[in-house]
Amino acid sequence: MEKMTFDKHTSAQFNAELEGARKHLMEMGGLVEEQIEVAFKSLIDVDTDLAEKAIKMDKNVNKMELMIDKETTQILAKRNPAASDLRFIISVTKTVNDLERIGDEAAKIAKQSLELAESGSGPQGFVELRHIGEKVRQMVQGSLDSFARLDADAALAVMHQDKAVDLEYGDAIRTLVTKMMEDPRTISRALSVMWALRSLERIGDHARNIAESVIYLVKGKDVRHKKLEKVAEQLRK
Amino acid sequence: MNTSVKDTMESTFAGWTETVGNAMLEGEARMSTRNTDVFYGDKQAIFGVDLDIGKNEVLAMIGPSGCGKSTFLRTLNRMNDTIDICKIKGEILLDGENIYDKNMDVVSLRARVGMVFQKPNPFPKSIYDNVAYGPRIHGLVSRRAELDEVVETALRKASIWDEVKDRLDQPATGLSGGQQQRLCIARTIAVSPEVILMDEPCSALDPIATARIEELIAELSENYTIAIVTHSMQQAARVSTRTAYFHLGRLIEVGSTDKIFTAPDHKLTEDYITGRFG
């Protein structure tokens, strides 16, 4: 099938409605990316101002969620979208949901940085946190890019990255547990780091969900709960 | 054919090879068309259509005006015979028998393949006589009591019995549009057809009457093969199990209705059902 477009409907009003939802989704994506960045920086730099900022940003993310949901509901009610238009609306709805959850996780990370600041020290030495954080940030960016460019291969790449993040997450948890056993005084701090890691890992999962929505949108194939090799095979068909 | 339309067709179908999807069924088909062409004079309206209609399936045929879907539907019970300039090539089979064979009795064919039209067209007779007409002329019943039973069964199957049972002797033209259409369906059913063809059966009806006909189609599909032409894509999506998309006389794509309305394979199908046509 040729490249997808959403602007060739007989009804110009319908084009405008779809474009509105698309534009707002991308705006929401940008906002969430920024929120992750701020939250993560607040954690690494032990910066309470940034943490407060990240928590506040969540309100705007929630507002965008409500607005886009309203737009997609209106389109469903009035336009009876079919085929790629229907898949677009379904994908937008799911992606909005994932983005909102990512926003929640980013706010949780910021809350953990406040905890860490209170206990008087940053997550020094926890290289894994920095590494996973960077990877997850790239995943979110990659998933939103793949949505913007309707690129199923780029979405598949995000799914691959998620697998790598999950493995690293397991390793990091083991390292932290070892540290806690070696020196029980670190337990409280290590727990905060663990929670932050957990949030990052969840953000990765949501980025993967977005990537799956993109593949559904572009290829019309539901690749949820499938092994990556199977997904790659389906995309080649 | 004027030049501009011809040019459009040639550019649209440059590289067009064959219908996408499952036009042919693996199981037994009730009706099949093979390499069917239809001409009006020297203008070709249908180009080499191969399509099976399965038993107990509801096949929806959709496409823009002039795409040939109604013409195609009408070839399935030889309604085009009345048009002198209309010529049909290829085979159209009902239970494996070519309906254009010279030994085929057209009257009994039309009893086996019934048709419901866009506008309800009851005879200017009583409700009872409308339904009894077919069984009478085909000699399906000999006694009045038997005929009463056939009429009642047909009216019940068409979900209109309760509304008309107390006024069977009144003129059918006094019924509402939706009731008239269900009466026409009862009239079709009364001769126990195998296939029911419907040509935009709800286009003259309001949404409630439409919903009742759609409900009826679902019930009838348990016992009959149904092929329906509709301009309402939502109706095709609601009532059919398989959908065929026609475009400028070609059968472009056939697939399960679920697939056609969520992820069609052909660009032309996609453009039409998402309203990108024209």
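Begin with chain B and chain A together: the area buried between them is about 1200 Å², where buried area is the accessible area (1.4 Å probe) that two parts lose on being put together, summed over both. Carbon and sulfur atoms give 50% of this area. Next, select T262(B), K267(B) and R276(B), which supply 43% of the area that chain B buries against chain A, more than any other three residues. The model is a predicted one, in which local features need pLDDT of at least 70, side-chain atom pairs count only at pLDDT 80 or more, and totals for chains, interfaces and linings use all residues. Residues are numbered from 1 along each chain as its sequence is written, chains are lettered from A in the order in which they are written, and side-chain values use heavy atoms, with hydrogens and water left out.

Now display the residues in contact (heavy atoms within 4.5 Å): 14 come from chain B and 16 from chain A. Across this interface there are 6 residue pairs in polar contact, both at pLDDT 80 or more; a polar contact is a pair of N or O atoms within 3.5 Å, where within protein one must be able to donate a hydrogen and the other to accept it, and residues adjacent in sequence count only if both atoms are side-chain atoms. On the side of chain B that touches chain A, the elements giving two or more residues are α10 (257-262) and α11 (267-273) of chain B; helices are DSSP runs (H or I, at least four residues) and strands likewise (E, at least two), numbered from the N terminus. The largest share of that side, 3 residues, comes from α11(B).

A salt bridge is a side-chain nitrogen of Lys or Arg within 4 Å of a carboxyl oxygen of Asp or Glu.

Within chain A, select E17(A) and R79(A), a salt bridge whose closest N and O atoms are 2.9 Å apart. This pair links distant parts of the chain, 62 residues apart: E17(A) lies in helix α1 (residues 12-44) and R79(A) in helix α2 (residues 48-79) of chain A.

Finally, move to E194(B), in the loop between α7 and β8 (195-199) of chain B. Its side chain is joined to that of R30(B) by a polar contact of 3.2 Å. Not counting residues up to four places away in sequence, E194(B) touches R30(B), L94(B), D95(B), R112(B), Y224(B) and T225(B).
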